[in-house]
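Visitor: I'm new to reading protein structures. Could you walk me through this one?

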Amino acid sequence: MPAPEDWIDIPEERLSIEKRSDGAIVVRVQSAGPEGSRLPDAVFSFRCGDPQYSYWLGRLDTHSRSR
């Protein structure tokens, strides 16, 4: 897993990470920009075995502790 300084530079206030009861991690990134021209939020899901699963699991742990 990458070190925290190598993590993607997404501001914490735009990021939502949750672990579902089935173990999947759901990552939501709030879109930025002017209200009228803002794109929809991005939503990604990762399951154990996905290449980025451990990365987002680590981010979930850090994200949960910072709240």
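Visitor: Let's start with charges: how many salt bridges does the structure hold?
Guide: First, this is a predicted model, in which local features need pLDDT of at least 70 and side-chain atom pairs count only at pLDDT 80 or more, while totals for chains, interfaces and linings use all residues. Residues are numbered from 1 along each chain as its sequence is written, and side-chain values use heavy atoms, with hydrogens and water left out. A salt bridge here is a side-chain nitrogen of Lys or Arg within 4 Å of a carboxyl oxygen of Asp or Glu. By that rule, the number of salt bridges in the structure is five.

Visitor: Which residue meets Asp22 in a salt bridge at 2.8 Å?
Guide: Side chains of opposite charge can pair when their charged atoms come close. Asp22 is partly exposed at 46% relative accessibility (buried means under 20% relative accessible area, exposed over 50%, partly exposed in between, with a 1.4 Å probe and protein chains only). The N to O distance is 2.8 Å, and the partner is Arg20.

Visitor: How many residues apart in sequence are the parts that Arg47 and Asp22 tie together?
Guide: The side chains of Arg47 and Asp22 form a salt bridge at 3.3 Å, N to O. Arg47 sits in the loop between strand S3 (42-46) and helix H1 (53-65), and Asp22 in the loop between strand S1 (15-19) and strand S2 (25-29), so the pair ties together parts whose separation in sequence is 25 residues. Helices (H or I, at least four residues) and strands (E, at least two) are DSSP runs, numbered from the N terminus. So the answer is 25 residues.

Visitor: Which residues do salt bridges with shared partners join into one network?
Guide: Asp22 pairs with Arg20, and Asp22 also pairs with Arg47. Shared partners give one network: Arg20, Asp22 and Arg47.

Visitor: Now the sheet: which strands stand at the edges?
Guide: Strands of a sheet pair through backbone hydrogen bonds, either parallel or antiparallel. Here three strands make an open sheet in the order S1-S2-S3, with antiparallel pairing; two strands pair if DSSP finds at least two bridges between them. Each edge strand has a single partner, so one side of each is left without a neighbour in the sheet, and these strands are S1 and S3.

Visitor: What is the bridge partner of Val29 in S3?
Guide: S2 and S3 pair in the antiparallel sense over five bridges. Val29 touches Ile10, Arg14, Leu15, Asp41 and Ala42, not counting residues up to four places away in sequence (contact means heavy atoms within 4.5 Å). The bridge partner of Val29 in S3 is Ala42.

Visitor: Are the rings of Phe46 and Trp56 stacked or edge-to-face?
Guide: Rings of Phe, Tyr and Trp (its six-membered ring) pair if their centres lie within 6.5 Å; planes under 30 degrees apart count as stacked, over 60 as edge-to-face and the rest as tilted. That rule gives two aromatic pairs. The centres of these two rings are 6.1 Å apart and the planes are at 15 degrees, so the pair is stacked.

Visitor: Which residues do ring pairs link into a cluster?
Guide: Phe46 is buried at 12% relative accessibility, and Trp56 is buried at 4%. The rings of Tyr55 and Trp56 have centres 4.9 Å apart and planes at 85 degrees, so this pair is edge-to-face. Tyr55 is buried too, at 9%. Together the linked residues are Phe46, Tyr55 and Trp56.
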